[in-house]
Amino acid sequence: MKLRPILAAGVAMATLGATSAFAERGTDGQVNILYWQAISTMNPFLSNGTKDLEASSLVLEPMARFNERGEMVPWLAQDIPTLDNGGFSEDFTTITWKLKEGLLWSDGSPVTAADAVFTWEYCMHPEGGCAQATNFSGVENVEALDDLTVQVTFSEPKPYPYGPFVGHFSPIIQQSQFADCMGARAPECTEANFYPIGTGPFVVKDFKANDLVYLEANPNFRDPEKPAFASALIKGGGDAASAARSVLETGEFDYAWNPQVEPEILAQMEAAGNGEIIAAFGSLVERLMINQSNPDPALGDERSTLAHPHPFLTDKAVTKALSLAIDREILVEAGYGAAGKITCNIIPMPEINVSTNNDWCMTQDMDEANRLLDEAGYTRGGDGIREKDGVRLSVLYQTSTNSVRQAAQALIKQWWNELGVEVELRQIDGAVFFGGDPGSPDTFQKFYADVQEYANNYNGTDPEEYLGDWTCAEVPRPETQWQGSGDARHCDPEYDALWAELGKTAGEEERAEIIIKLNDMIVNSGSYIPLVYRGRVAAKSNTLGGVVMNPVDSEIWNTADWYRVE
């Protein structure tokens, strides 16, 4: 079979042709944005929290990104490299990006190819921990051919070469600002991490971790007419319900991210007539991550590391029983309404990549769940809790604080109690849980619990880099300052080998076959229990124009085009 490059499953590239209703930068005052999970850092390489990645996208930008339809569009690059235009080599080992001419950092210095080379070196430093390392998987070298030309060389043919410098997970950072922040020093560079010099429409002027980010229009932004807003405030704190209310009822804010609130409550708020709920389905899945390592505090520094397997959650009979005990239909109806669908997979889209092999999870089956535990030798004690060889089925189940997740926790605890599993619930403020602070014991990367719930998604429509999150290299550990996307501690050499094969495979059908196998390996590994395929939801004021909800990149990807509606 002749190899051909893969852009994105089922979609083509597009050129960016945004229009706006304004003609002068900074004439529309301030836009107020509420991320109730407050921002912890503006460095996307040090956090996997959606809140941090999206906030930083106002400042730091990639070569290319995905529009709301999943089409790849040039951003800092002149165009998308392909075989046809000579930007992608016929042997699939190199991709060459051309920066737009005249690009300036917000401090007025020129953006050069050397900055892209440095970004790769920064993320892949052997003594550091980069939250976005999978975007550079298979990269052998990044070279500046001249001031505007960046060549990425892969160690093997890479039919889908659009991981490095594509999407808000993989922007370019300024070499001169971060030069002294390599490796283990990365988390210590608070000035650079909180106030990055970027190319985006805004510049950070004030940053209070886990509270607020105040930004002003970038005077060196490449479009002299944008952004329309002179400043932007991203405020954190509160909860999902108060965030929605601040836009839909009180009008204090223009935009509220992720109002994860019961649908009937959102409908009541929307009836006030001050704003609207906007939503779009991408790849966001609410899930339970099942710790494959032992979080026992008695283990000290080796707690929640691969040195100590979990005493019972590595038993697939246990984790399948836990999954079968969940009534996902109730979770969807109670928490999401039309913005949710039952899923049994990690990869929910596009259709060609969606497995049907795990549909056993669609319907709650307590009889089968009990049978699995009985057969595996877990018997009920006098208090009804199952145990085996002196080990009780007792779990600490943590998630971020919001009403929908707390309702899900209560339901799942009830179902698991019926199964003979003891459950302790814990809620952590979202700013801390998703913050990525290596010194905090409460981050989802540290995973000092048995089970944790959150939602995650991937850029575009091709999940190759996302599936890399389940490789052994991505397991967070002390040596990486607890960075890494593999928080469930899933580590399977067979999975790693198959994922590497995906990186060398061309053709949508051939790739889909491998993607489905990888999806099934994760679901059946016991490290992951899918719950709900979620639409991305936001509350938008009627006075805010130009907003285009993007479910496959940063949700607020086009803030340069936002404007005030009179």
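**A loop glycine, then the rest**

Mentor: Leaving out neighbours up to four places away in sequence, Gly-377 is in contact with Glu-387 and Lys-388. Contact means heavy atoms within 4.5 Å.

Trainee: Before we go on, what kind of model is this?

Mentor: This is a predicted model, where local features need pLDDT of at least 70 and side-chain atom pairs count only at pLDDT 80 or more, while totals for chains, interfaces and linings use all residues. Residues are numbered from 1 along each chain as its sequence is written, and side-chain values use heavy atoms, with hydrogens and water left out.

Trainee: Back to Gly-377. Where does it lie?

Mentor: Gly-377 lies in the loop between α9 and β13 (379–380). Helices (H or I, at least four residues) and strands (E, at least two) are DSSP runs, numbered from the N terminus.

Trainee: How far is Gly-377 from Glu-387 in space?

Mentor: The C-alpha atoms are 8.2 Å apart, and the two residues are ten apart in sequence.

Trainee: Let's zoom out. How many helices and strands does the protein have?

Mentor: There are 14 helices and 21 strands. The radius of gyration is 23 Å, close to the 24 Å from the globule rule for 566 residues, so the protein is as compact as a globular protein of that length. That radius is taken over C-alpha atoms, and the rule is 2.2 Å times the number of residues to the power 0.38.

Trainee: What box do the C-alpha atoms fill?

Mentor: Roughly 75 × 60 × 45 Å, taken along the principal axes. Of the 566 residues, 61% count as buried. Take contacts between residues at least 6 apart in sequence: 70% of them join residues at least 24 apart.

Trainee: Helix packing next. At what angle do α9 and α10 cross?

Mentor: Roughly 50°, with the axes of α9 (residues 366–375) and α10 (residues 403–419) coming within 10 Å. Axes are lines fitted to C-alpha atoms, for helices over the stretch in contact, and angles run from 0 to 180 degrees between N-to-C directions. The two helices are therefore oblique to each other. Angles under 35 degrees count as roughly parallel, over 145 as roughly antiparallel, 65 to 115 as roughly perpendicular, and the rest as oblique.

Trainee: Which residues of α9 and α10 meet?

Mentor: Met-366, Ala-369, Asn-370 and Leu-373 in α9 meet Trp-415, Glu-418 and Leu-419 in α10. Five of the contact residues are nonpolar, one is polar and one is charged. Here Ala, Val, Leu, Ile, Met, Phe, Trp, Tyr, Cys and Pro count as nonpolar, Asp, Glu, Lys and Arg as charged, and the others, Gly among them, as polar.

Trainee: And α5 with α6, how do they cross?

Mentor: At roughly 20°, with the axes of α5 (residues 240–248) and α6 (residues 263–270) coming within 9 Å. That makes α5 roughly parallel to α6. From α5, Ala-241, Ala-244, Arg-245 and Leu-248 meet Leu-266, Met-269 and Glu-270 of α6. That contact has five nonpolar residues, no polar and two charged.

Trainee: Which residues have a positive phi, then?

Mentor: Phe-447 has one, about 50°, although it is not a glycine. Gln-481 is also not a glycine, and its phi is about 55°. Phe-447 is in the loop between α11 (430–433) and β18 (451–456). At 0% relative accessibility, Phe-447 counts as buried. Gln-481, in the loop between α12 (464–467) and α13 (493–503), is buried at 18%.

Methods: Buried means under 20% relative accessible area, exposed over 50%, partly exposed in between (1.4 Å probe, protein chains only).
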